[in-house]
Amino acid sequence: MNVAIEIPDEVASQLAARVGEVTRAVLEAVAIEAYRSGTVTPAQVQQMLGLKSRWDTEAFLRRAEAYHDYTMADLERDIAAIRNATGR
């Protein structure tokens, strides 16, 4: 899908001076927010941004400080799922 947005020239110039390619910066911002909100997975972020590997994707998300809230209840649920799957 192609999406067009209008940014005033002055603002676009300021963005370009700070982030370089504005189009890429906007795409990265969308990917980061979609990941933070739980809308997309890391694999989908990788696909959106054309990143080469899972590790590149993880590094990108870490630099962006894009983390999911992972609670103690989440951990306990994951441990229970692993135990059920392995029969332990």
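**Stop 1: the rings**

Start by colouring the aromatic side chains: the pair count here comes to zero. Under the rule used, rings of Phe, Tyr and Trp (its six-membered ring) pair if their centres lie within 6.5 Å, with planes under 30 degrees apart called stacked, over 60 edge-to-face and the rest tilted.

Before going on, a word about what you are looking at. This is a predicted model, where local features need pLDDT of at least 70 and side-chain atom pairs count only at pLDDT 80 or more, while totals for chains, interfaces and linings use all residues. Residues are numbered from 1 along each chain as its sequence is written, and side-chain values use heavy atoms, with hydrogens and water left out.

Now select arginine 54 and tryptophan 55. Arginine 54 lies over the face of tryptophan 55, at 4.8 Å from the ring centre. A charge sits over a ring if NZ of Lys or CZ of Arg is within 6 Å of the ring centre and within 35 degrees of the ring normal.

**Stop 2: the whole chain**

Zoom out and switch to cartoon. Helices (H or I, at least four residues) and strands (E, at least two) are DSSP runs, numbered from the N terminus.

Turn the model around: along the principal axes, the C-alpha atoms fill a box of roughly 60 × 25 × 25 Å. Of the 88 residues, 17% count as buried (under 20% relative accessible area; exposed is over 50%, and partly exposed is in between).

**Stop 3: helix H2**

Select residues 22-36. This is helix H2, with 15 residues, and it reaches 21 Å from its first C-alpha to its last, close to the 21 Å expected at 1.5 Å a residue. The expected span is 1.5 Å times one less than the number of residues.

Not counting residues up to four places away in sequence, arginine 24 touches Leu49 and Leu51, where contact means heavy atoms within 4.5 Å. The C-alpha atoms of arginine 24 and leucine 49 are separated by 8.5 Å, though they are 25 residues apart along the chain.

Valine 26 is also in helix H2, and at 30% relative accessibility it counts as partly exposed. Draw a distance from its C-alpha to that of leucine 61, 35 residues apart along the chain, and you get 15 Å.

Just after H2, click glycine 38, which takes a positive phi of about 85 degrees.

**Stop 4: two loops**

Go to the loop between H3 and H4 and select serine 53. Serine 53 counts as partly exposed, at 21% relative accessibility. C-alpha to C-alpha, serine 53 and alanine 43 are 9.1 Å apart in space and 10 residues apart in sequence.

Then move to the loop between H4 and helix H5 (72-86) for glutamate 65. Is glutamate 65 buried or exposed? It is exposed, with a relative accessible area of 57%. Glutamate 65 has a positive phi of about 55 degrees although it is not a glycine. Most residues other than glycine have a negative phi.

**Last stop: back to H1**

Finish on arginine 18 in helix H1. Arginine 18 is exposed, with a relative accessible area of 76%. Its C-alpha and that of threonine 41, 23 residues apart along the chain, are separated by 28 Å.

Note on methods:
Buried < 20%, exposed > 50% of the residue type's maximum accessible area, 1.4 Å probe, protein only.
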